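Here are my notes on this one, as numbered points. Have the coordinates open while you read.

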Amino acid sequence: MRKNILLWMAILAAHFALAQSQGGKVISFFINARSLQNTGGENPNRKVSVYLPPGYETSGQRYPVIYYLHGFMGKDSIFAPMKTILDEGIRKQKIRPYILVQADQYTLYEGSFYSNSSLTGNWEDFTAKDLVEYVDKNFRTLANRESRGIAGHSMGGYGAFKIGMLHPEVFSSIYALSPGQLAMVKEFGPNSPSFREVQNVKTQEELKKTYYPKVLVAVARAWSPNPNKPPFYCDFPFSYEGDKMTVNQPVLEKWEANMPVYMVNKYADNLRKMTAIKLDWGRNDSPRFPLQIGMLSQWLENLGINHFAEEYIGDHGNKIWADDGRVLNDLLPFFNDYLKF
């Protein structure tokens with residue numbers, strides 16, 4: 001009898017080792033999201049890619065889920081190097097097997113900013129409600145907040161922090177890699193060239209040739225849409241006549257209501273419900289990132305909200321999905337420690 005048990009254990013171990021060596025599997029599908037019905041011309045059919053861990057098809061077990069939010073100009077694709085890093089994280093036991101989900105939130109202006117908008121659709125609701133509901137219904141998840149984490153990079157880091165903060169009933173842990181749009185500083189501050197440049201752009205073709213104005217239009221369509229103001233159908237908090245700046249106070253308040261540095265006082269109790277929060281940023285990133293993330297971390301500290309905040313040697317993208325990058329060596333171990341498996 002004992003020999004049979006040992007033989008069976010050996011067979012199971014061999015199957016597990018084989019599954020691990022073969023790596024995980026990525027599947028993709030479309031969701032027609034009721035939350036994304038809109039008047040701004042955005043397609044409510046969104047592609048979603050899901051990473052299933054090695055052995056998913058044969059294990060019968062349930063898994064925690066990491067929802068990963070892409071950055072500005074990104075899409076849903078769990079591309080080959082990304083899958084390789086996920087496989088490597090499990091193979092090296094940086095994390096136990098889990099499911100990772102990434103949805104396409106690319107818009108006509110290249111980013112939803114994971115926000116609810118009367119013009120472009122309710123991207124926050126899509127992420128925190130529709131997407132989670134669909135994944136829990138169609139995959140073997142551990143369908144509870146303790147087993148759900150939310151993470152992202154840049155625009156996605158912003159979305160991860162904000163959506164996690166607004167929905168502690170859905171997510172228990174947040175990891176924001178180089179989150180953007182936390183506050184109006186540096187390149188997106190009122191005295192930078194960005195707001196001056198955007199008011200001088202008159203067509204979509206002109207806008208496509210820019211970067212900062214394009215980001216500002218995407219943000220404004222999310223946070224301060226105006227259906228009566230073509231061509232971009234949105235308002236901005238600052239305008240200029242020569243060197244004179246005018247502040248549009250109602251619009252400024254709408255922007256601040258969506259920027260985490262200005263939101264944390266209101267939602268401090270939600271953040272205190274998190275099992276863990278981590279922010280990181282590259283020392284050699286664009287100037288706004290160290291400044292705004294430092295501001296957010298300081299506010300969290302002032303409110304007594306436990307969190308990790310770490311600067312590393314890198315720029316905006318060179319140490320994310322790399323062998324020596326943040327996902328493999330920091331994000332995956334973080335969720336391994338704080339998600340319930």
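**Notes on the fold and its spaces**

1. Start with helix α4, where Trp123, Glu124, Asp125, Phe126, Thr127, Ala128, Asp130, Leu131, Val132 and Val135 are buried (under 20% relative accessible area with a 1.4 Å probe, protein chains only; over 50% would be exposed, and partly exposed is in between). The helix covers residues 123–138 and bends by about 30° at Leu131, the bend being the angle between axes fitted to the seven residues ending there and the seven starting there. Helices (H or I, at least four residues) and strands (E, at least two) are DSSP runs, numbered from the N terminus.

2. A word on the basis. This is a predicted model, in which local features need pLDDT of at least 70 and side-chain atom pairs count only at pLDDT 80 or more, while totals for chains, interfaces and linings use all residues. Residues are numbered from 1 along each chain as its sequence is written, and side-chain values use heavy atoms, with hydrogens and water left out.

3. Now the open sheet: 8 strands in the order β1-β2-β4-β3-β7-β8-β11-β12, with mixed pairing (two strands pair if DSSP finds at least two bridges between them). Its edge strands, each pairing on one side only, are β1 (25–32) and β12 (308–312). Neighbouring strands are turned by 20° against each other on average, direction ignored; the axes here are lines fitted to C-alpha atoms, and angles run from 0 to 180 degrees between N-to-C directions.

4. Follow the parallel pairs from β7. Strand β7 (residues 148–153) runs parallel to β8 (residues 173–177) over 5 bridges, with Gly152 partnered by Ala176. Then β8 is joined to β11 by 5 bridges, also parallel, and Ser173 stands opposite Ala276. Finally, β11 and β12 pair in the parallel sense over 5 bridges, where Trp281 has Glu311 as its bridge partner.

5. How many residues of β11 are buried? It is 7 of the 7 in this strand (residues 276–282), so β11 is largely enclosed by the rest of the structure. In a regular strand the side chains alternate between the two faces of the sheet. Here Ala276, Lys278, Asp280 and Gly282 point one way, and Ile277, Leu279 and Trp281 the other.

6. The strands, residues 238–241 and 244–247, are antiparallel over 4 bridges, and Ser239 sits opposite Thr246. There are 2 residues between the strands, and Gly242 takes a positive phi near 65°.

7. The second largest pocket holds about 310 Å³ of space. Elements giving two or more residues to its lining are α6 (193–199), β9 and β10, and α6 has the largest share with 3 residues. Of 17 lining residues, Val198, Gln199, Lys229, Cys234 and Phe236 lie nearest the centre. On a 1 Å grid over the protein atoms alone, a pocket is an open set with protein on both sides within 12 Å along at least five of seven lines, a cavity is a set of points where a 1.4 Å probe fits but cannot get out, and lining residues have an atom within 4 Å of a point. Grid points are joined across faces, edges and corners, and a volume is the space filled by probe spheres set on the points.

8. The whole structure has 2 cavities of 30 Å³ or more. The largest cavity has about 90 Å³ of space, with a lining that includes Phe72, Phe113, Arg288 and Phe289. The second largest cavity has about 50 Å³, and among its lining residues are Glu42, Tyr109 and Arg221.
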